[in-house]
Each structure stands twice: as structure tokens, then as C-alpha cells.
Amino acid sequence: KMQDDARYLKRKVTAGSLDVHPTEKALVVQYEVEASILGEDGGPMLGERKEGQKIIRVKSLSPTTDVAALARKVVEECKLIPASRLPQVEHLLYYLQNRKSSPVEGKEKKERRAAKPKDLTPFEGMELNEEASITRMEEYVELLYEGIPEKIRGASLILQLARNPDNLEELLHNEAALGALARVLREDWKQSVDLATSIIYIFFCFSSFSQFHAVVSHYKIGALCMSVVEHELKRYDVWREELRKKSKSAPENGSLRRDQDKALRKYQGLLAKQEQLLRVSLYLLLNLAEDTRTELKMRNKNIVGLLVRVLERDDEELLVLVVSFLKKLSIFLENKNDMAELDTVERLARLVPCDHEDLLNLTLRLLLNLSFDSGLRAKMVEVGLLPKLTALLGDESNRQVVMRILYHVSMDDRFRGMFAYTDCIPQLMQMLYDHGGEEIEAELLSICINLAANKRNAQLMCDGNGLKMLTKRALKTKDCLLMKMIRNISQHEGPTKPLFIDYIGDLAAEIRTEEEEEWVLECLGTLANLTIPDLDWELVLKEYNLVPFLKDKLKPGSAEDDLILEVVIMIGTVSIDDACAVMLAKSGIIPALIELLNEAPAYLIDLMHDKNTEIRKVCDNTLDIIAEYDEEWGRKIQSEKFRFHNNQWLEMVESRQVDEAEPYLYDNDNDRADLFYSADGITPGDGSVSPDFFSDLQPQNGDSHHSGDVNDVFDQTGSSTGRPATAYGFRPDEQPFYQYS
């Protein structure tokens, strides 16, 4: 009856707000469509309103674009924008023209582009001849309630729409479609790789925009993707095992050989489809991992283990995505530890080098993140990455990140000598030479300083005119880091030290009070290393008037400790020359040295508490020697050692206040006096109780008198509540808040 009475359809489009796109060079036009069916009398019989948005991309917009002309063109071509809004369009285009993304944001976008999966549709064997239309969504949703072939077709048609960002807003409000897609994925993903890939790709389109992450989380697509990836990796292991068995049993020719070839072709086809599914699933998870709470949930479900297993694959696009994901995860301690346990470095080693530029760069940056761990640095050397990395120093695009990894490796004494068996040092020296008068970057100088601490490396650096070039450059630019490298070279006995004879005068001339202290420190330290026989140090000190400088720096408070130490070492070096030693003695420098020596025990006592184990060990041994020869210092040192080793207990005793409500604990003041120590802090006042008496006290707050694990205290009942803290900054059971309608 309504159809008979209806005359025509009236459709009205009203433009709404106009704004810029949050991330792209585009304008976003909001609009409203009102459709009405009019009757014979012209009155509306049935009406419906829908809101939508149109994205107008202006990719050609650049700093030199004529914004006024572009604004006129936009208004002319977009019927949704009335001519009256031309000034607003022009203003928004000016804003887009001058908007700049932050360096971090630009870097992340570049990584995203590098990791973006290839066009995953149409899939092999299921090409679609029809073009999808947003007005036929109900038909496509109905297909999702049919058999698997129909479901594949329906999902593929909806995917065509989802790939256009302009349609996502309307799809977002179609709860019937999204609910059906989520249900089909949950129930049928194991039955068809094509179906699973199409549906996950639809939700991937939503995940590409942060404002749509709530809907993806609402349908629990992330958890489904984790299950899909885990299942597919298990299938991959089964396929490989079956193929291995067939390859092992197949003869050189015959039917079994043909069966084996057929199985190989089938395996390759399955692998190609599976990698499409893995790629889109992992990329969706990477998008969702923008929220660190979501990322932590993935970590708790072993996302690191899944990604590391995918590193065995050969598909470069899939590897780009996986390495990018691992690099993002590696900034958190828990994930880095997981990667260490899963032999990630060994799996990454085969990718260095590789022909894929983005994959190589991402792999190197992941290795850089992992190289902050000393154990993983050792693993990099063990798997043969050192020569591979040094070979990449000539690659301009990767040189900086390679140099940073090598710097971390060179921090360890165990590995410095291995650099001598690569072509690293000649390349580094050439880089220093090529800089000319320009400032040398810190990464290059830092690795050179570390490597120069090895004798063989220092000899390679001095080959040819190496030392001459370095010294000339350092003296000209007064570069303290370059002089530190020269100082490290000068410390080695052997053929390198005599090479410095030509530069003793130049270095001595730099030791002046008006120079920067750090520069003087490096020059003086280099001279102090030159323990060369038959060198006339008396002449050097007189010619450059260094004795007053040395005496002045020995005065208390006249210089930093590092410089005073180098002055003392320098005096020891020049005193090898008998004539020079006599001259220094006559100058009155010996009393100043003795005064410094008198200050040493107090300084060493302070260093007893140093965090460095080796420093504590040296201080302890030195204090033992001092205590043996000086009775007064011996008592002080013994007292301080006891206080250091029993610090916690002593603090408790000293801070304890007697409870007035418990006077019956003590009969009189004499009984209470027994608890206090005498002036030396070691024995009770009457000498009746040894400190060993207190060694049986129970450890408190997790401290222990033995070398056990401090964490043992958490095994006690009731001593720990909840989960331990995480590097993510919040508990893994915290629920993120999403506002979704």
C-alpha cells in the first residue's frame, strides 16, 4: 500500500563541521543525509537520517603551494562545502601547510610504512568480479550466515569497503556487520585461511586509526589474533616435519619423487597463504600495542615467543613487520629478558647483512636496543656478528647505528682484542682523517677511545702516519676526546711509546694554568704515560716551566682529584731521571706529596662504600696495610669496617628509644649500660661481649648474613602481596578504560 501511494524519494544532504585530519594532509567534512519517501500529497511517509564524513586529501600541499588557489579548487570540486566557507577552507589549508610532526612521530610513521603489509586481496582462487557498495551492506552480512564459500565472499566484499577510510565511520555504526564478522572469525577461522585473513584485515583497517581501537578491543579481536598466530605456527612445524619425512624417503626418480615434488608445491602454496594471514594478524597486534596496557597483556600471552619463532621465515615483508614489533617491545626489561632466553640474537644474525634495506635497518636498530645488555653483547660476538657489523661501516644509511652497537661491544675488555682481526680500525682511522676541520661525532671518538685501550689496536692506529695525524688534529682543535684516545694509546709498552718522543714538547707546551682543566688533564696524562728510558725530563720541565705548575696543583683544593692524580703520576714518571728527581726534591715538592699521603686513609675509608666491587677490594687491602703500620689509623679503620658490615643493626640500636611503659625490662642503669659500645665502637663497655654474639640475629628486611638470594625472603608466608612491579609501570591485571558506543 505504501509503495502504491509513494510518489518519489527526496534526498537532502546538509554539510556540517569542517576540520583538518589529525594525522594526514587532509580536510574532514562532516555531513548529514536525510532521505524521505513522499506521498501523493507531498507529505513525508517515511524518513531516515544518517551522519557521515568525507575526507578530502591534499597530498600535493607543500610549503610552496598557492593555498588560495588550492582552496578554490577544493570548494569547486567538493559539493559538500558551500562557497561561503572558502575563507575557512583557506585557513585550514594554511594550518596544514605549516603543521609539523614531531621527530619521534615521523620516525614511527616511517617504521609503520616500512612494516605495512602488501595488498592482501584479492586472494588466489577467489577473485571478485563485482564491486562492493556501502548501500548493499545488508546483503553482504547475510552471506556471513551461509556456508564457508559464501562467508568468504561476504567478508571479501566488506573488506573492499573497509579498505577505503571514508567508509570506516559508517561501518563502525553497523553493529550487525561487525558482530557477525567477529562471530564468524571466532567460530570458523580454522576452516579457511582466506576467510580468517579477510576478516582480520577488516579489523586491521580499523586498527590503523587510534580512535577505532576501542571497537577492535570490544570484539576481542586481539586475543583471537594471538590464537590464530600460535595455531598457524604449530601447523607450520607439522608441515615442515611432513615435508622432511617425504624428502628423506624419496628416491632419485619414480613415483615417490613425483609425490615429493607435488608435496613441495602444495607446501609452498600453503606457506604463501599462511604468511598473508600472519602478516595481517601481527600488524593488527602491532597497531593495538600503541596502548602499553594492551601490549603488556600480549606479553603475558607470550607475544615475544611467537614473534621470535616467525624470525625463521624467509618472507622479507613478514620479517620487516616482526623485527619492527620486536624492536618496539625491546625497550621494556621483561621483553628484553624474554628475547635473551629465546636466542633472539642468533636468529637475527642471519639477517645481517641482507638485501632488503628496511629489514636490515630495523634489524640493526633492534640489535642496538639489545646491546645494552652485557650478556647479549657477548652473544653477538659469539654468533659472529662483529665482522659483519664492521663490514657495514661503509654503508652511509646504517653507519651511525652500527657504530653505536660496536661502541657497546668495545666497552667490554674481553672483546676489544677481536677488533684487531677485522677491518674496523683502518675504517675508523679513515673516517677520522676524512673529517678534515669538521667536528668529529661523539660515536666515532667514543669507540676509538675504547679500542685504543687494547695494545694491538693501538699499534694498528699508529701504523703509517696514524699517530702524527691524530696528534696534529688534536693539538689544532683542542678536542679533549681525541686527546683521550691518544692518551690511551700512550699507555702501552712496546713500539708505540717511542713514537711519542717527537710530540713531548708540543704536549708540555699545552700544560698551562690558563687552559681548560679537562684538556690539561689529557695532555698531562699522556706525558705521564711516557716512561721512556734515557729521556731528559729535567730539560723538559725547565724549558716549559712545569715545576711551579706541578707544585701548585698539589695544594689542597687547588684542582679536581683526577688532575691531582695525574700530577702525582707525572712526578713519578719524571723522577726516573735522577737529575730531575734531585731538582724536584730541592723545589720543596716532597712535603706536598706527604700531605696528600696523610689524606689517603680517610679517602680510602669513604671508598669502602663504593658500588664497584673491584674498588672496594683495593680499598680494603690498602687499608689493611695502613692499619698494620699505624696503630691509631688501625683502630679507626677497624671501627669503620665493623660499622660498615653491621650498619643496619647499629642504626637500629642507635635509633631505638626505650619504651617508658616497659621499665621492668631493666633492673637498674648498670644493666642498661651493658648494651652500649665503648668509644672505639667495637666492643661493649666492659669488654664482656664480643660482636660475634650478634651474628646469630635474624636477617631483617630481606638482608642476609650469607650469600643467598635476597628474593628468598618473598618465599615466606605472608611476606609478599600481589604481583611484583613491572617495568611497564602498572600491574598487568589493570583494566584499560575504553569509551565505546
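Predicted model: local features only at pLDDT ≥ 70, side-chain atom pairs only at ≥ 80, totals over all residues.
Figure 1. Residues are numbered from 1 along each chain as its sequence is written, and side-chain values use heavy atoms, with hydrogens and water left out. Helices (H or I, at least four residues) are DSSP runs numbered from the N terminus. H15 is mostly covered, as 12 of its 14 residues are buried (buried: under 20% relative accessible area; exposed: over 50%; partly exposed: in between; 1.4 Å probe, protein chains only). Among the buried residues of H15 are Leu 318, Leu 319, Val 322, Phe 325 and Leu 326, and also the charged residues Glu 317 and Lys 327.

Figure 2. A salt bridge is defined as a side-chain nitrogen of Lys or Arg within 4 Å of a carboxyl oxygen of Asp or Glu. By this rule the count comes to 33 salt bridges. Asp 188 pairs with Lys 151, their closest N and O atoms being 2.5 Å apart. Asp 188 belongs to helix H8 (residues 175–188) and Lys 151 to helix H6 (residues 148–162), so this pair ties together parts that are 37 residues apart in sequence. Both Asp 188 and Lys 151 are buried. Glu 275 forms a salt bridge with Arg 313, with 3.4 Å between the closest N and O atoms. This pair links distant parts of the chain, 38 residues apart: Glu 275 is in helix H12, and Arg 313 is in the loop between helix H14 (303–310) and H15. Glu 275 and Arg 313 are both buried.

Figure 3. The side chains of Arg 416 and Asp 413 meet in a salt bridge, at 2.5 Å from N to O. The two residues are three apart in helix H22 (residues 413–416), and Arg 416 and Asp 413 are therefore separated by about one helical turn. Arg 416 counts as buried because its relative accessibility is 13%, whereas Asp 413, with a relative accessible area of 58%, is exposed. Elsewhere, Asp 237, Arg 240, Arg 309, Glu 312 and Arg 347 are linked in a network of salt bridges.

**Figure 4. Charged surface patches.** Such patches are made of residues with over 30% relative accessible area and no salt bridge, like charges being joined within 9 Å. Accessible areas come from the Shrake-Rupley method with a 1.4 Å probe, and for residues only the protein chains shown count as cover. Lys and Arg count as positive and Asp and Glu as negative, while His and the chain ends are not counted. The place of a charge is taken as NZ of Lys, CZ of Arg, CG of Asp or CD of Glu. Lys 246, Lys 262, Arg 265 and Lys 266 gather in a positive patch on the surface. Helix H12 (residues 255–288) gives the largest share of this patch, three residues. Arg 265, located in helix H12, counts as exposed at 55% relative accessibility. The negative patch on the surface gathers Glu 516, Glu 517, Glu 518, Glu 560, Asp 561 and Asp 562. The elements that give two or more residues to the negative patch are H29 and helix H32 (561–574). Asp 562 is placed in helix H32 and is exposed, with a relative accessible area of 52%.

Figure 5. Most residues other than glycine have a negative phi, and most peptide bonds are trans. The peptide bond from Val 352 to Pro 353 is cis, with omega near -5°. Pro 353 is found in the loop between helix H17 (344–349) and helix H18 (357–370). Asp 343, which is not a glycine, has a positive phi of about 55°. Asp 343 lies in the loop between helix H16 (333–341) and H17 and counts as partly exposed at 38% relative accessibility. Asp 534, also not a glycine, has a positive phi of about 60°. The loop between helix H29 (517–528) and helix H30 (537–543) holds Asp 534, which counts as exposed at 84% relative accessibility.

Note on methods
Patch = residues over 30% accessible without salt bridge, like charges linked within 9 Å, V, L, I, M, F, W, Y side chains within 5 Å.
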